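Visitor: I am new to this structure and would like to learn how to read it. Please take me through it one feature at a time.

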Amino acid sequence: VAHFIPDIMPVVCSDQCRIKQMVTNSRLLLGVLAKCGSVRVDSVEDFAYGSQILVNTMDKVCSRAALQGEEVARRAEKLQGHVSYSLLWYNCEHFVMYCRYGTVMSFQTFQV
């Protein structure tokens, strides 16, 4: 699973083993405050961390057609690593929309 999270660790540490460790709440919060994040690739089990996963496709509300799986993966891999993060301007939903539909937007931020 490729996903984008707020993350302070890549800014303060270059040790890839430490960066790949489990992400804590304080690590996430510091990433939000510092406006930095990272695109990670984790197993489904690590990503879910014991929770049920619900697939939320935006196909019904997005005016663009979903891209093919290979293109989605290519876009996610291209962004892997450190990326600027913003709750309003570039968050995890923006990342997913870019990878899956080729547009950078967040329906969640429209509701704010």
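This is a predicted model: local features need pLDDT of at least 70, side-chain atom pairs count only at pLDDT 80 or more; totals for chains, interfaces and linings use all residues.

Visitor: How many of the 10 residues of α6 are buried?

Guide: Residues are numbered from 1 along each chain as its sequence is written, and side-chain values use heavy atoms, with hydrogens and water left out. Buried means under 20% relative accessible area, exposed over 50%, and partly exposed in between (1.4 Å probe, protein chains only). Helices (H or I, at least four residues) and strands (E, at least two) are DSSP runs, numbered from the N terminus. In α6, 7 of the 10 residues are buried, so the helix is largely enclosed by the rest of the structure.

Visitor: Which residues of α6 are buried, and what do they pack against?

Guide: The buried ones are Glu93, His94, Phe95, Met97, Tyr98, Cys99 and Tyr101. They pack against β1, β2 (36–41), α5 (69–78) and α7 (107–110). Contact here means heavy atoms within 4.5 Å.

Visitor: Which residues form the largest nonpolar core?

Guide: A nonpolar core is a set of buried Ala, Val, Leu, Ile, Met, Phe, Trp, Tyr and Cys residues joined through side-chain atoms within 4.5 Å. The largest has 9 residues: Phe4, Val39, Ala76, Val83, Tyr85, Tyr90, Phe95, Tyr98 and Cys99. Helix α6 (residues 92–101) gives the most to this core, with 3 residues. A second, separate core of 5 residues includes Met58, Cys62, Met97 and Tyr101.

Visitor: What is Phe95 in contact with?

Guide: Neighbours within four places in sequence are left aside. Beyond those, Phe95 touches Ala2, His3, Phe4, Val39, Ala76, Leu79 and Tyr90.

Visitor: Why does Cys99 count as buried?

Guide: Cys99 counts as buried because its relative accessible area is 3%. With neighbours within four places in sequence set aside, its contacts are Leu67, Val72, Arg75 and Ala76. Cys99 and Ala76 are 23 residues apart in sequence, but 6.0 Å apart in space, C-alpha to C-alpha.

Visitor: Is His94 buried or exposed?

Guide: His94 is buried, with a relative accessible area of 5%.

Visitor: What is found at the start of α6, and what follows the helix?

Guide: At the start, a side-chain oxygen of Asn91 comes to within 2.8 Å of the backbone nitrogen of Glu93. After α6 comes Gly102, whose phi is positive, near 80°.

Terms used:
A polar contact is a pair of N or O atoms within 3.5 Å; within protein, one must be able to donate a hydrogen and the other to accept it, and residues adjacent in sequence count only if both atoms are side-chain atoms.
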